[in-house]
Amino acid sequence: SSYQSNLKNWEESKQTTSKPKLKTKHLQMPVFYRDNMYIQDSDYTCKLKLFYKNDWVWVSVKMLKTDVYYLKKYWSHVKASAPKLEKKHKKWFLRFAFTEDVELNETITKEQIICSVDLGINTAATCSIMLSDGTVAARKFINFAAEKDHLGHVLNRIKRKQREHGSQSVYSFWKYSTRLNEEIAKKVALEIVLFASEYMSDVIVFEYLDMNGKTSGSKKQKLHLWKKQYTQELVSHKAHRIGMR
């Protein structure tokens with residue numbers, strides 16, 4: 001039904017993007033509903049109802065001690081939902097989701113302290129703390145040069161391998177570069193929120209980036225790898241958890 005609704009929206013909007021495809025292989029399974037398909041047996045074991053040997057049976061699953069410790073330390077104060085089974089790197093994992101109620105600040109506009117953020121390619125982010133009268137109270141340039149240099153070396157290795165052995169030989173390098181890029185985005189998002197909370201900002205504001213259309217030129221690869229949307233989503237999530245808009 002998800003595919004059919006996506007296809008219908010695509011046909012009605014008359015978009016120039018590629019037609020939605022029906023995926024038959026999914027690496028994420030439906031949620032294990034509590035009591036019916038999932039039971040917390042003890043601190044380190046749980047039971048899942050799985051279709052095994054042509055029958056639905058309860059299967060006991062051991063959980064890592066480090067994972068249980070992490071959940072207890074950071075997520076014991078919020079409501080946990082039933083887990084979801086997903087496949088990653090030829091292994092199966094249980095992913096737990098948590099629901100947390102947070103009250104966002106209600107500071108009136110004239111008294112708000114704003115953290116304005118300008119995401120960039122060369123400098124990861126430029127942050128400014130502004131008062132309601134336009135006074136800039138502080139400014140910070142965020143740039144993880146070592147991590148970017150590491151990513152640049154990996155991309156150069158990909159280019160060399162593609163010239164020598166073709167595109168099929170660089171799949172693992174592309175996966176590695178993607179993880180490096182995501183790690184940079186996570187570090188940038190954390191620094192933005194820490195800087196905003198240091199000056200007790202009420203709201204974080206991002207510049208609207210219109211990236212429609214084809215990119216060309218020497219910076220095409222940099223723009224393609226730019227995790228602007230992912231960074232904004234991470235900042236939004238982290239800011240909301242501490243009551244910041």
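Me: Buried means under 20% relative accessible area, exposed over 50%, and partly exposed in between (1.4 Å probe, protein chains only). Why does Glu106 count as exposed?

Reply: Glu106 has 67% relative accessibility. The cut-off for exposed is over 50%, so the word applies.

Me: What kind of model is this, and how are residues numbered?

Reply: The model is predicted; local features need pLDDT of at least 70, side-chain atom pairs count only at pLDDT 80 or more, and totals for chains, interfaces and linings use all residues. Residues are numbered from 1 along each chain as its sequence is written, and side-chain values use heavy atoms, with hydrogens and water left out.

Me: What makes Glu106 and Arg245 a salt bridge?

Reply: The closest N and O atoms of Glu106 and Arg245 are 3.4 Å apart. A salt bridge needs a side-chain nitrogen of Lys or Arg within 4 Å of a carboxyl oxygen of Asp or Glu, so the pair qualifies. Glu106 sits in the loop between E8 and E9 and Arg245 in the segment after H6, so parts 139 residues apart in sequence are tied together. (Helices, H or I, of at least four residues and strands, E, of at least two are DSSP runs, numbered from the N terminus.)

Me: Why is Arg245 called partly exposed?

Reply: Arg245 has 37% relative accessibility, which falls between the limits for buried and exposed.

Me: What makes Asp43 and Lys72 a salt bridge?

Reply: The closest N and O atoms of Asp43 and Lys72 are 3.4 Å apart, which is inside the limit. Asp43 belongs to the loop between strand E2 (38-40) and strand E3 (45-51), and Lys72 to helix H2 (residues 65-75), so parts 29 residues apart in sequence are joined. Asp43 has a relative accessible area of 46% and Lys72 has 45% relative accessibility, so both are partly exposed.

Me: How many salt bridges does a search of the whole structure find?

Reply: The search finds six.

Me: What share of the residues of the protein chain count as buried?

Reply: Of the 245 residues, 24% count as buried.
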